[in-house]
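Please examine the model shown here before reading on. The paragraphs that follow lead through its loops, its helices and its aromatic side chains.

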Amino acid sequence: MSLDREAAWELLNEYTKNPNLIKHALAVEAAMRAYARKYGEDEEKWGIVGLLHDFDYDRWPSPEDHPTRGAEILRQRGYPEDVIHAILSHADYLGVPRDHLMDKCLYACDELSGFITAVALVRPTKSIYDVDVRAVKKKLKDKAFAKGVNREDVRRGAEELGVDLDEHIGFVIEALKGAARELGLEGTQASGTGS
């Protein structure tokens, strides 16, 4: 099957009704597309992996079901095995090895995209344009902030990808700026950044 972003978008919306989960999918898609461009990979494929990585989570959030239920649906719909493998590999508890660069990028972008979005939403401007690496790192140290984000996953994601954590955070911030409107993170653009 040839990968089609519109079909992937329809699939996401068929299974995901929570608007925050849809925005998370869009954020991870933006980060994955940016990394695909950086590494000279298939931007459409990588973007679709980001878009669909959690498409089954709204219906089946338990580790017994997510993302294996989604993988079954993707197989039934003819998605390539490397796309399905990448999606399965982002769930540590499944023990699916992250063998390929696409797998490692998805894992590295998943938690961090959500965390950066949370940082943007607590800025007075509610804008991604008012988020920098320093602000994200400061919030990572605050265990009470965005408690659902596993800090170890963020650190390990950058490590497995072989990039410096600060560089990775900065790269994902820039990727999310490119999707600010879709993500609802335009806010009131600030003149500067800060913590």
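Ala146 is placed in the loop between H7 and H8, where helices (H or I, at least four residues) are DSSP runs numbered from the N terminus. This is a predicted model, in which local features need pLDDT of at least 70 and side-chain atom pairs count only at pLDDT 80 or more, whereas totals for chains, interfaces and linings use all residues. Residues are numbered from 1 along each chain as its sequence is written, and side-chain values use heavy atoms, with hydrogens and water left out. Although Ala146 is not a glycine, its phi is positive, at about 45°. Its relative accessibility of 23% makes Ala146 partly exposed; buried means under 20% relative accessible area, exposed means over 50%, and partly exposed lies in between (1.4 Å probe, protein chains only).

Lys126, in the loop between H6 and H7, likewise is not a glycine and has a positive phi, of about 55°. Lys126 counts as partly exposed, at 46% relative accessibility. Most residues other than glycine have a negative phi, and most peptide bonds are trans. A cis peptide bond is found between His66 and Pro67, with omega about 0°; Pro67 belongs to the loop between H3 and H4.

The loop between H6 and helix H7 (133-141) also holds Ile128. Is Ile128 buried or exposed? With a relative accessible area of 0%, Ile128 is buried. Apart from neighbours within four places in sequence, Ile128 is in contact (heavy atoms within 4.5 Å) with Ile116, Ala120, Ile173, Leu176, Lys177, Ala180 and Leu185. Thr188 is 60 residues from Ile128 in sequence, and their C-alpha atoms are 9.6 Å apart in space. By contrast, Arg181 in helix H10 (residues 180-183) is exposed, at 66% relative accessibility.

The packing of two helices can be considered next. Two packed helices are described by the angle between their axes and the distance between the axes. For helix H6 (residues 101-122) and helix H8 (residues 151-161), the angle is about 145° and the axes are 8 Å apart. Here the axes are lines fitted to C-alpha atoms, for helices over the stretch in contact, and angles run from 0 to 180 degrees between N-to-C directions. The residues of H6 that meet H8 include Leu101, Tyr107, Leu112 and Phe115; on the H8 side, Val154, Gly157, Ala158 and Leu161 are among them.

Helix H3 presents a mostly covered element, with eight of its ten residues buried. The buried residues are Lys45, Trp46, Gly47, Ile48, Val49, Gly50, Leu51 and Leu52, and their cover includes H1, H2, H4, helix H5 (81-89) and H6. Within H3, Gly50 is buried, with a relative accessible area of 0%. Not counting residues up to four places away in sequence, Gly50 touches Ala25, Val28, Glu29, Met32 and Leu106.

The aromatic side chains form five pairs in the structure. Rings of Phe, Tyr and Trp (its six-membered ring) pair if their centres lie within 6.5 Å; planes under 30 degrees apart count as stacked, over 60 as edge-to-face and the rest as tilted. Tyr15 and Phe55 are edge-to-face because their planes stand at 80°, with the ring centres 5.4 Å apart. This pair links distant parts of the chain, 40 residues apart: Tyr15 is in helix H1 (residues 5-15), and Phe55 is in the loop between helix H3 (43-52) and helix H4 (68-76). Both Tyr15 and Phe55 are buried. Tyr35 and Tyr39 form a stacked pair, with 5.7 Å between centres and 10° between planes. These two tyrosines are separated by about one helical turn because they are four residues apart in helix H2 (residues 19-39). Tyr35 is buried at 1% relative accessibility, while Tyr39 is partly exposed at 26%. Ring pairs also join Tyr15, Phe55 and Trp60 into a cluster.

Two rings carry a charge over the face, a term that requires NZ of Lys or CZ of Arg within 6 Å of the ring centre and within 35 degrees of the ring normal. Arg98 lies over the face of Tyr107, 3.5 Å from the ring centre. The charged end of Lys139 sits over the ring of Phe145, at 4.8 Å from its centre.
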